[in-house]
Amino acid sequence: MMGTVIKIKTEGYNGHKSWDHWNVALWLSNDEWWYEQCMEILEAHPDPAEAAGTFLWFFKMDGQKTPDGAEFNLSTVTEALRGLQEE
């Protein structure tokens, strides 16, 4: 395949900013209870950053970690909620 240019995305992790962002999104979208909680918060707060702040405050999750060790913080939860909104 001479002349073919293949571009490989080397930044981020599986389409996310980092492993932490990916892992938090994975846990919030693949656990039925967490998914339902996130969708309810997004319904009340359509802005993902505002919804993330509400999520972290309500569930006292700021600084907590997923079972895999990724940190719940404003950035990771905002991006996870943004992804859920796009579904």
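Predicted model: local features only at pLDDT ≥ 70, side-chain atom pairs only at ≥ 80, totals over all residues.
**Exercise 1. Check the span of helix 4 against its number of residues.**

Solution. The expected span is 1.5 Å times one less than the number of residues.

**Exercise 2. Find which residue caps the N-terminal end of helix 4.**

Solution. Look at Asn73. One of its side-chain oxygens sits 3.0 Å from the backbone nitrogen of Ser75. Asn73 is the cap.

**Exercise 3. Work out which residues of helix 4 are buried, and what they pack against.**

Solution. Start with the cut-off: buried means under 20% relative accessible area. In helix 4, Thr76, Val77, Thr78, Ala80, Leu81 and Leu84 are buried. Next, look for their partners. The buried residues of helix 4 pack against helix 1, helix 2 and helix 3. Setting aside neighbours within four places in sequence, Leu81 touches Cys38, Leu42, Pro48, Ala51 and Ala52.

**Exercise 4. Locate the salt bridges and show how they join up.**

Solution. A search of the whole structure gives two.

- Step one: Lys17 and Glu79 pair through their side chains at 3.9 Å, N to O. This pair links distant parts of the chain, 62 residues apart. Lys17 belongs to the segment before helix 1, Glu79 to helix 4.
- Step two: Arg82 and Glu79 pair through their side chains at 2.6 Å, N to O. Both lie in helix 4, three residues apart, about one turn of the helix. An α-helix has 3.6 residues a turn, so residues three or four places apart point the same way.
- Step three: Salt bridges with shared partners join Lys17, Glu79 and Arg82 into one network.

**Exercise 5. Decide whether Lys17, Glu79 and Arg82 are exposed or partly exposed.**

Solution. Exposed means over 50%, and partly exposed runs from there down to the 20% limit for buried. Lys17 has a relative accessible area of 56%, so Lys17 is exposed. Glu79 stands at 24%, so Glu79 is partly exposed. Arg82 stands at 31%, so Arg82 is partly exposed.

How values were computed
Residues numbered from 1 in each chain as written. Heavy atoms only, no water. Contact = heavy atoms within 4.5 Å. Helix = DSSP H or I, 4+ residues; strand = E, 2+ residues; numbered from the N terminus. Buried < 20%, exposed > 50% of the residue type's maximum accessible area, 1.4 Å probe, protein only. Polar contact = N/O pair within 3.5 Å; in protein donor to acceptor, adjacent residues only side chain to side chain. Salt bridge = Lys/Arg side-chain N within 4 Å of Asp/Glu carboxyl O.
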